[in-house]
Amino acid sequence: MITDIITLSEERHTTLELFILENSPEFQDGRKRPAVLICPGGGYAYLSDREAAPIALRYAAMGFHAFVLRYGVREYAVAPGPLKDIAGAMKLIKDHSDEWRVDRDAVFVSGFSAGAHVAAQLGVFYDNKDLLPEYADDTDSIRPAGMILAYPVLDLTETTSKMDMGMQPGMTPEEFNFDQKHPKMPLDRMFVFDEKENRYFINFRAAMNAYIFDGPYTDEQEQFYSLNNHIKSTTPPAFIWHVSGDGLIKTANSLKFAYKLFENGIDYELHIYEGGQHGIALADYVTANDWSQYYEPASGWHALSVDWINRLTGFKENVKKACR
């Protein structure tokens, strides 16, 4: 396997990590393969390692090339910055398709949580001349073949506004250390007081969205970057999975997006697993940081996504035919 890290922008601290299967006369010599461009989550405040290399390596083990995009977060998360990050990464992969033996018509985007918001932005905005004017004459160079979205942020109104971070009665927002705090978002919008429990909770919806909009935002801005509002007949197909027990990013994100795909005649596959919680990555022992992230009922999602890619691309069948 060829591994490398390419700096996309020193200013924005963005990189593309490569997991490319090497060519070999003993191993499907010269074959071009599907590729998956992965965007880790982290609420636009950081990037999760659990949703990066382990995901890429699992796809590589199934015969696909994989890439991990570390897009702009925190002060670099302001829209449309991350969209431009992923568009640039997609174009780089397609421009090197011959060198890296990538099937340029089979480059998929995959994202987790906020990373799914980045991935799905490319899916719905790849041909938006206002947001991506630099690609207006060559939208194919950045159009993904499909989207693999894990417990995704898609509708910015469908994130919890009452997150329990263990604040005790008498504790004030000023003294509470919360790494999702945005310096420009007023504390009274990031914290909500529950009179019955006599303590504060986090308005995670406002806290995360503040990074997208660089502080306070309007309803109109929130609706524009709610991606279910931009699905049309040319939107790529999607594989979506979520768990019903996700108390942070509501399953309504996935359900609304899937229904809009249905309305526009776009193929999709949707899995909602019972129970679970947010951020479980592969949902097995490989990416579990504690017992709650080891959620076996959802651990089959990755194999299903591989099957989905193979059905869309015919990759597995083509290999089987060549081996006869």
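This is a predicted model: local features need pLDDT of at least 70, side-chain atom pairs count only at pLDDT 80 or more; totals for chains, interfaces and linings use all residues.

Residues are numbered from 1 along each chain as its sequence is written, and side-chain values use heavy atoms, leaving out hydrogens and water.

**Stop 1: the largest pocket.** Select Gly42, Tyr46, Leu248, His278 and Gly279. The largest pocket has a volume of about 580 Å³, and of the 28 residues lining it, these five are the closest to its centre: Gly42, Tyr46, Leu248, His278 and Gly279. (On a 1 Å grid over the protein atoms alone, a pocket is an open set of points with protein on both sides within 12 Å along at least five of seven lines, whereas a cavity is a set where a 1.4 Å probe fits but cannot get out; lining residues have an atom within 4 Å of a point. Points are joined across faces, edges and corners, and a volume is the space filled by probe spheres set on them.) Color the lining by type and you get 8 nonpolar, 15 polar and 5 charged residues. (Ala, Val, Leu, Ile, Met, Phe, Trp, Tyr, Cys and Pro count as nonpolar, Asp, Glu, Lys and Arg as charged, and the others, Gly among them, as polar.)

Stop 2: Pick His182, in the loop between strand S6 (147–150) and helix H5 (187–190). (Helices, H or I of at least four residues, and strands, E of at least two, are DSSP runs numbered from the N terminus.) Is His182 buried or exposed? Buried, at 6% relative accessible area. (Buried means under 20%, exposed over 50%, partly exposed in between, with a 1.4 Å probe and protein chains only.) Draw a C-alpha distance to Phe193, 11 residues along the chain, and you get 19 Å.

Glu174 also sits between S6 and H5, but is exposed at 58%. Its C-alpha is 12 Å from that of Ile202, 28 residues apart along the chain.

**Last stop: Val286.** Find Val286 in the loop between strand S10 (268–273) and helix H9 (301–313); at 42% relative accessibility, Val286 counts as partly exposed.
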